[in-house]
Amino acid sequence: MSDDAFRPEARVPRGFADKRARELAAERSIVAAVSAVYERYGFEALDTPAFEFADALGKFLPDSDRPNEGVFALQDDDEQWLALRYDLTAPLARFAAQNWETLPKPFRRYAFGPVWRNEKPGPGRYREFIQCDADTVGSARPEADAEVIAMVAEGLEATGLERGDYLIKISSRRLLDALLDGMRIEGQGQRLAVLRAIDKLDRVGIPGVVELLGPGRLDASGDFTKGAGLETPLIMDLADFLAAPQGEIWPTLERIGGKYGAGDGISAGFGDLDRIVETLRRMGVGEDRARLDPSIVRGLEYYTGAVFEADLLLETTNEAGELIRFGSVGGGGRYDDLVARFTGERVPATGFSFGVSRLAAALRAARRSVIPEARGPVVVIAFDQAAMGDYMAMASELRAAGIPAEVYLGSSGMRAQMKYADRRLSPAAVIAGSDELAAGTVTIKDLDLGRELAKGIDDNAAWRAERPGQLTVPRGELVATVRRIVEG
Ligand code: AMP
């Protein structure tokens, strides 16, 4: 390659991340734990493609107020626009509409996988992240909503959280819809701007929401988000409602609703929620796990009834010990019109989405990760070039016995190979030089024990003489010896 060859800088785009073994293990264990709960409730697995036709996804994204914001889209060679899915719900609606005739109804499916959002990245906000969802399509019963909430509580506990570590907040879009109707906030765009402003409450606080309900807000990075442009008296009433303490939320909402003639709509919204809460109590899910909180709205436009949000109550800190706020680790609700976009026929549906990537990051920050350190394989040291065949055979035997193993395949010497095994967090190294091979033996080093014992020996010569954690056994006992070490 000539010197002036173009050399790209090795880097990843903002909001995207490489994930190493530990993070992958954390995400996978969350997906596995949550999926097991979903299956226990009778949901079947479904996978749909990363790309959908852009028109199938619709314009439902939160935060699409930035230029080029929303979905990642491209034009196919037949001129049709494709877009990467931004959640797992819109593809489900497409799938249900396409296969409605033949599906068992209600259709209950769970799904997990990456989704992509072309939005502004921040702490806990990525442009590619994993979600894990369950939805019931074809049931209008509040019991379907209650069941989703109960599953979320169980799912959170299956990931290692305890009672009191989390809270699922429940509300209904119908409450806010009634109030906004009463306030004559009727334009699609303005209404959405109001919903999104309220949805940002946990991130920007009441003052931030007030700015977003009004002319707009300049954030710390200098980006301006255009506001909903409401008149001041309306903003003050909405802020009053959002600022009401837990015990006063309902009376506040009723008082403000009454002022705008929205009392009946608000009572109807209440009715649905009462049924959901009553069912939850019968299912053994109490106030400590899930309760009503009308300040939550969820940012997605497609919700039509009950909405849910899962929040962590744990204190989360970064490496520097600073407090970090993660926002919700999951959200969901009822979206009765999403299938009708395709078929014209209303199909009631409800579901929930765990933000797996965010939940994994939050559990790590809260030091609640149940993931053990990712252990490396047993390393067979490449001691003698002529014996590579023997080493490969040893690794095969170990693998056949279910023990992860590899032969060191680099070109470094013995000391570097031991360091390699150490860095991989290998439980053991297998060493067989020509002497051992001739004598029909192998030497196995228990690396955990070696690390432990080495702490007590500071003299180099003594260490070499004692060779802590090292033993030589007949070749035939390789697998049994390694197994004892690995399992011990
Ligand atoms: P939504 O599909 O917007 O209702 O979000 C459901 C869950 O996905 C949220 O509660 C978050 O945990 C997670 N989530 C949403 N947006 C992001 C993002 N940009 N980065 C990481 N997680 C996200």
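Biologist: Where does aspartate 219 lie?
Modeller: This is a predicted model. Strand S8 covers 216-218, and strand S9 covers 224-226. Aspartate 219 lies in the loop between strand S8 and strand S9.

Biologist: Which side chains make a polar contact with the side chain of aspartate 219?
Modeller: A polar contact needs a pair of N or O atoms within 3.5 Å. The side chains of aspartate 219 and serine 221 are joined at 2.8 Å. Another such contact, at 2.8 Å, links the side chain of aspartate 219 to that of lysine 120. The partners are serine 221 and lysine 120.

Biologist: What separates the C-alpha atoms of aspartate 219 and glycine 208?
Modeller: Along the chain, aspartate 219 and glycine 208 are eleven residues apart.

Biologist: Turn to the ligand. How many residues surround the ligand?
Modeller: A residue counts if one of its heavy atoms lies within 4 Å. The closest are Arg117, Glu119, Tyr126, Arg298 and Ser328.

Biologist: Which residue has a polar backbone atom 2.9 Å from a nitrogen atom of the ligand?
Modeller: Take the side chains first. Arginine 117 places a polar side-chain atom 2.8 Å from an oxygen atom of the ligand. Glutamate 119 has a side-chain N or O atom 2.8 Å from a ligand nitrogen. The backbone atom, at 2.9 Å from a ligand nitrogen, belongs to tyrosine 126.

Biologist: What share of the ligand's accessible area does the protein cover?
Modeller: On its own, the ligand has 480 Å² of accessible area. Of that area, the protein covers 95%.

Biologist: Which elements give two or more residues to the shell around the ligand?
Modeller: By class, the shell has four nonpolar, seven polar and five charged residues. The elements that give two or more are strands S6 (128-137), S12 (330-334) and S13 (349-355).

Biologist: Now the helices. Are H8 and H9 roughly parallel or roughly antiparallel?
Modeller: H8 spans residues 232-243, and H9 spans 249-259. Their axes come within 8 Å and cross at roughly 160°. The crossing is left-handed. Angles over 145 degrees count as roughly antiparallel, so H8 and H9 are roughly antiparallel.

Biologist: Is the crossing of H13 and H18 left-handed or right-handed?
Modeller: The axes of H13 (residues 388-400) and H18 (residues 478-487) come within 10 Å and cross at roughly 60°. That angle makes H13 oblique to H18. The crossing of H13 and H18 is right-handed.

Conventions
Residues are numbered from 1 along each chain as its sequence is written. This is a predicted model: local features need pLDDT of at least 70, side-chain atom pairs count only at pLDDT 80 or more; totals for chains, interfaces and linings use all residues. Side-chain values use heavy atoms; hydrogens and water are left out. A polar contact is a pair of N or O atoms within 3.5 Å; within protein, one must be able to donate a hydrogen and the other to accept it, and residues adjacent in sequence count only if both atoms are side-chain atoms. Accessible areas come from the Shrake-Rupley method with a 1.4 Å probe; for residues, only the protein chains shown count as cover. Helices (H or I, at least four residues) and strands (E, at least two) are DSSP runs, numbered from the N terminus. Ala, Val, Leu, Ile, Met, Phe, Trp, Tyr, Cys and Pro count as nonpolar, Asp, Glu, Lys and Arg as charged, and the others, Gly among them, as polar. Axes are lines fitted to C-alpha atoms, for helices over the stretch in contact, and angles run from 0 to 180 degrees between N-to-C directions. Angles under 35 degrees count as roughly parallel, over 145 as roughly antiparallel, 65 to 115 as roughly perpendicular and the rest as oblique. A crossing is left-handed if the near helix is turned anticlockwise from the far one by less than a right angle, and right-handed if clockwise.
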